Amino acid sequence: MVSDEQTEIEYLLSGCQSNISASELPALIDGMLSSAIGEIDHIDPWLKLVSENPSADLFDYLNSKINIGLSEELDSENNPPDYQNRVSLLRAELIKENIEGIVIPLTDEFQGEYLAKSSRRLEWLTGFTGSAGIALVFHNESFFFTDGRYILQAEKQLPQNNYTLFNSSQVSLENWFNNNLKPNTKIGFDPWLHTITWVKRIRSLMQRNNCELISTPDNLIDRIWKDRPPPPVSPVQILDKTFAGEAIESKRKRVANNLKKNESDVFVLVAPSSISWLANIRGNDIPFSPYVMSYALLHKNSQLEIFIDVRKIIPSVRKELADHILFKPIKTFIPELLKLGENSKVVEIDPNSTPELVRTILEKAGAKIVTSKDPCELPKACKNTTEITGFHSAHKRDGLALTRFLYWLSKEAPKGKITEITAAAKLESLRKNGKYYKGPSFPTISGSGANGAIIHYRATKASDKKLQLNSLYLVDSGGQYLDGTTDVTRTVAIGEPSEEMKDRFTRVLRGHISLASACFPVNTTGSQLDVLARLSLWKVGLDYDHGTGHGVGHYLSVHEGPHRISKTHSSVKLEPGMIISNEPGYYKAGDYGIRIENLVLVKIAEEIENSENKMLEFETLTLAPIDLSLVKVSELSEEEKTWINNYHQNVFDTYKDSLSRMELNWLSLATKAV
């Protein structure tokens, strides 16, 4: 018997040229709810998955269903999970598989940083919500590894007595294996969730210890996660050439030339950021990073096949891209890999980003495998002229929102009523007014006092605290705009800062200025520049436990490789067009945190008289005042004073015609010469 709701759905779909049938709609709505739909103010893009011309009644029906679904998700978050039971269920699966332990990484089948709801396996098991971590679960004990950014967060979030916690910069998973594994131990892993490079390294290590790394037939967490959400579904959207700066056909041919040079037939692309960049498409499958979750094959003749949940492609988009992209169901990806092997094709893969299972399938099928870097990674990192122009424009709009927020904060915070969550919400409300704004580029870090010392802190109802007088407030935030991506941190004194706070802030500022002012030879890597940002802190025995700079994508990921500025060795040379963050900091656990972050553009340096080298320099893109009340001006050199004065003059000149009289008066004081 057909239900009344089924009849209603059929009626609603019948009059609007629907893309799907009534029986398919419930599953589609579940997929929508698994996407980033909760992060977006309106559902219009998702409606097109059902119909490109929905009636008002269909809109109301879908809007109601989605709001109910989102509300139910919020309600479920109020029910504390039984993490002890979850790890017990996982241990039962270890026994079934006859293995002693299992590695649970914080990643997905696409090796991503921000995960879809269906891929948050580590969070489901442990409660940890950071973006870097890995668990190792045995029959009777468990271990958790994360880097210095998340140690304090992990201490708070991991179930008590369930995990032994390690700072991975001091004791990595590999270190632990080397020193603690007993002979004949068998450790399981999901070959979709680990790269070829990782598996090769860990397997070699384990073999030296007479142990075994075993690929599990399926994901053991998925077996026990009974209410696991389905994979996300969001509409594929075309990024117009006016924003991308290069047509799809041009990109395909340019990248495919690498295949001809290497005499390969096809490259297997598994990074959604690369595929989205190459095809000039974006989506909302996951929060904060507008990727289209998919796999792709780029052939030497520049043909591009994208393997995707085809429900994401509305008819008009499919038609517009028909001459450039062949869309195929994602379930056909493995059969296509098998065909490549059966036809003895020469297949290129990037071992640092490709899942181990892809290599295994190709090798067993008979393909000749060639390893190389993802051919999209470097061209994607070196922004073209259009993208650079877009970054400048996006930063001006973003900086205006942040400047207005800092003015508001200066008036409201001393009253003692503003909390971390209300401050973050205010900043987001100001960003939304910006042209081309699509959403935040990562969860805002809004940390007052001791919470600011948690490097990647995220305020919750339980942790939310008021911004108190005579404390520091750290806000690290960013936006996704059609023409660029932003990421900026400001540390602000609420009331009167201590002398220690001023000293630490000034040292961080001097490091920031030193890096921002750097002029360096072509072929320099980020790791060679990292010391510039730390030296002022090192002089008094201080440091910070994170990298100094990460690459930033163009309306893609706020964390983009291959370039970075870090203590960790990098062989990637900084090149003109790369965007990278400049973010030294200092963190006093239990008291306060300091970070000053701007994004900078790598560019060819102005000519230096008698120079014997081609030189590069940074151009600062971010525009927002730096809190002068925290600066010990007497500690700055003349060059450093000139830098901060020039920077603040640029901020003032950029926004003087866009602010109210009161905002402008405040900004003139906030950017006064020192």
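Visitor: What distance separates the centres of domain 1 and domain 4?
Guide: This is a predicted model; local features need pLDDT of at least 70, side-chain atom pairs count only at pLDDT 80 or more, and totals for chains, interfaces and linings use all residues. Numbering runs from 1 along each chain as its sequence is written, and side-chain values use heavy atoms, without hydrogens and water. Domain 1 spans 4–78 and domain 4 spans 382–671, with bounds from an automatic or database domain assignment. Taken over C-alpha atoms, their centres are separated by 39 Å.

Visitor: How are the rings of F145 and F166 arranged?
Guide: Rings of Phe, Tyr and Trp (its six-membered ring) pair if their centres lie within 6.5 Å; planes under 30 degrees apart are stacked, over 60 edge-to-face, the rest tilted. F145 and F166 sit 5.3 Å centre to centre, with 20° between the planes. The pair is therefore stacked.

Visitor: Is W176 buried or exposed?
Guide: Buried means under 20% relative accessible area, exposed over 50%, partly exposed in between (1.4 Å probe, protein chains only). W176 has 7% relative accessibility, so W176 is buried.

Visitor: Which residue has R534 over its face?
Guide: A charge sits over a ring if NZ of Lys or CZ of Arg is within 6 Å of the ring centre and within 35 degrees of the ring normal. R534 lies 3.9 Å from the ring centre of Y544. The residue is Y544.
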